[in-house]
Amino acid sequence: MKKVKYRHSAARIVFFSVSLFFSFNALLLAQEPDDSPLSEDEADRQETVQGPQESNVEAETSGGDEAAGKELFNTLCAACHKLDGNSIGPPLRGVGDRREVEWLHSWIRNSQAMIAAGDEQAVEIYNEYNQVAMPPFPQLSDSDIDNILAYVNAPKAVPQEKQPGAEAAGAGAQGGGGISTDILLGILAFVLLMLLVILYLVNKTLRRFAAASGVELPVKEKRGKPIWKSFVENQFLVIVTSVVLVLVGSYFAYGWMMQVGVDQGYQPIQPIHFSHRIHAGDNQIECKFCHSSARVSKTSGIPSLNVCMNCHKSISEVAEGTATEEYSKEFYDGEIAKLYDAVGWDVSQQAYTGETEPVKWIRIHNLPDFAYFNHSQHVEVGGIACQTCHGPVQEMEIMYQNAPLTMGWCINCHRETNVRTAGNEYYEKVHEELSRKYEVEELTVAQMGGIECAKCHY
Amino acid sequence: MKSLFRKTIFFILALSAVSCVENSKPNYQYMPNMYETVSYEPYGAYEVFVNEQEAKLPVEGTVSRGWKPYEYENSPDGFATAKAELQNPLPYTEDNLAEGKALYTIYCAVCHGDKGDGKGILVEREKFLGIPSYSDAGRAITEGSVYHVMYYGLNAMGSYASQTSIDERWKIDHYVMYLKGQLEGAPEREFEAEGTETEDINEKEENLMPPVNAEQTMEVKQSEPEGEPIE
């Protein structure tokens, strides 16, 4: 009676009643974070921060337009420069403090000319960043460059100072939801048990007192015949009851036995918390971007870490908006750090250290070897969407097995799915004859022989 | 009293039964040796392997069938030569373009945008920034440079050699050049007839992964960082 997500059995009914019973409990929990007294403090702090920051900007910009600068920065510079932290080029925040404005202007216009001319600073930075040449930007006007500089020179005051408040608030929320439901259930069960024991003991003691002081306890009158006796004597009723019991029992027994070996709902905890919701859902990255071998091979493939690093070389932390109530930004950043550890990527040096270790992903979908399944046949030839079998992966924070992956489930789909015959000239004749044979317009996979035993078992 | 006691016991039993539903472990199996095969499963963990890792890199120096070496090296010089002289060996046909489009949608469009204007969903969501349009005059991409960048990566873009085959990259190349033409408003290139040349290429260049080990690629990248040559 365990380990299965979708079972239609008494367990579910019991579960519902139990959850109803404990729902007030959740209400209690939900209210806690609201009590946090931080919100006022936070607002205060933000205000104090905002004031000086604004004046700072005005002092430093020297007439540059920050908004226009941001746009230019994002289109022209951001491919190689981050505001904070190394990328292909150096971090640019506060670059105005480090270099002369005229120097920056000529560098941005044509850095290679400066290097060729032997400008000391230019050669130094060129060598420091592995002699990667920065392309010239002759199209930028003086005011364009001023705008960009205004944007990069703006201090990062707001997000930095805001963090302690936000963190504290997050911690408060976590403290509220921190106690796991398991512990709560355990405590409740224990309290219930204690209550029962106390009740029993109190009752016993009271009775003893009554006996000692000679009080006569009212005794229940005995009815003529106990109900079970009359039940046993009525043979018809006994037979009907036992038949019903046997039927109901075998119904549940059948249901239970049918789920043995079916891993529907299997949701293991992976070594790195990879959120399909963020990647495939929010960012709409194609499944086959990472699982590229699903197009051409039997297995869909667990992407090797170089595929992760194609993007995560540049993305070392998640955006503020990515964090959810359940998983904080720090949590997600930690998971990206795990990837860096495994692949041996040194963020500060922006280079591979060469020390790698495998990530032991836990396989979820697995067919036994006696059943043949080929991904490319379904994905490329059949044009079946990944979600048909794997469910709403783009909504899964933690991946689980959506389909039962039983033979009945396979065959059912083969009976219902039509074959894509359009544009397949090679098999045109076969398709035509089969259509005539079955007198149908569209052939199903089953009519093509898709439920022959030897198609999958050989 | 007694009935209440019994009810409680039942209740506790039911509670314990329900609380045991656990999805982090696979279910029981009737006959596990029917499910768990003797042979090694893809990506399995087995003690015989280094790091217990079944997924292994090819032995150094092995070449997969149909693989052809890529002659240009991963350096600014290699990039410049590839940009100048490398030509797309696949004919420009409707099929190749359609397949290129499908692949482009999978691998490139998230950043470069469906139209190739550098405004993909990841750029809109500000995950990646500074992705140029294909019509960017300063870059002036060519068939050769597009292929070279797909093969080795450039700046923030990584290599896509592990996810695509030689043929597939050239198909994407066709589509990228098509998008560039669209962006620049150039007249559409006429399709070529499918000739013998195609079959020849398909036979020879069926595939696939480069024979180098992943670490080596990383090392190469490390020692010879790719930069943008001066135009």
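Which side chains meet in a salt bridge at 3.3 Å, N to O, with A:Glu335 as one partner? The side chains of A:Glu335 and A:Lys338 do so; a salt bridge is a side-chain nitrogen of Lys or Arg within 4 Å of a carboxyl oxygen of Asp or Glu.

## Basis of the report

This is a predicted model, in which local features need pLDDT of at least 70 and side-chain atom pairs count only at pLDDT 80 or more, while totals for chains, interfaces and linings use all residues. Residues are numbered from 1 along each chain as its sequence is written, chains are lettered from A and ligands numbered from 1 in the order in which they are written, and side-chain values use heavy atoms, with hydrogens and water left out.

## Chain A

Chain A has 458 residues, of which 30% are buried. Here buried means under 20% relative accessible area, exposed means over 50%, and partly exposed lies in between (1.4 Å probe, protein chains only). The secondary structure of chain A comes to 21 helices and 2 strands; helices (H or I, at least four residues) and strands (E, at least two) are DSSP runs, numbered from the N terminus.

The accessible surface of chain A is about 29000 Å², and carbon and sulfur atoms account for 59% of this surface. Such areas come from the Shrake-Rupley method with a 1.4 Å probe; for residues, only the protein chains shown count as cover. Among contacts (heavy atoms within 4.5 Å) in chain A between residues at least 6 apart in sequence, 66% join residues at least 24 apart.

## Salt bridges within chain A

Over all chains, the rule gives 9 salt bridges. A:Glu335 is buried, at 8% relative accessibility, whereas A:Lys338 is partly exposed, at 37%.

A:Lys329 forms a salt bridge with A:Glu317, and their closest N and O atoms are 3.1 Å apart. A:Glu317 lies in the loop between helix H15 (305-312) and helix H16 (329-343), and A:Lys329 lies in helix H16, so the pair ties together parts of chain A that are 12 residues apart in sequence. A:Glu317 is partly exposed, with a relative accessible area of 48%, while A:Lys329 is buried, at 11%.

## The interface between chains B and A

In all, 60 residues of chain B are in contact with 72 residues of chain A. The area buried between the two chains, meaning the accessible area (1.4 Å probe) that two parts lose on being put together, summed over both, is about 6200 Å², and carbon and sulfur atoms give 61% of it. On the side of chain B, B:Asn23, B:Asn27 and B:Tyr28 lose the most area to chain A, together 11% of what that side buries.

## Salt bridges between the chains

The rule finds 3 salt bridges across the interface of chain B and chain A. One of them joins B:Glu41 and A:Arg363, at 3.7 Å from N to O. Another salt bridge joins A:Lys360 and B:Glu52, at 3.3 Å from N to O. This pair runs from the loop between strand E2 (351-352) and helix H17 (375-381) of chain A, which holds A:Lys360, to the loop between H2 and helix H3 (76-85) of chain B, which holds B:Glu52. A:Lys360 is partly exposed, at 46% relative accessibility, and B:Glu52 is partly exposed, at 31%.
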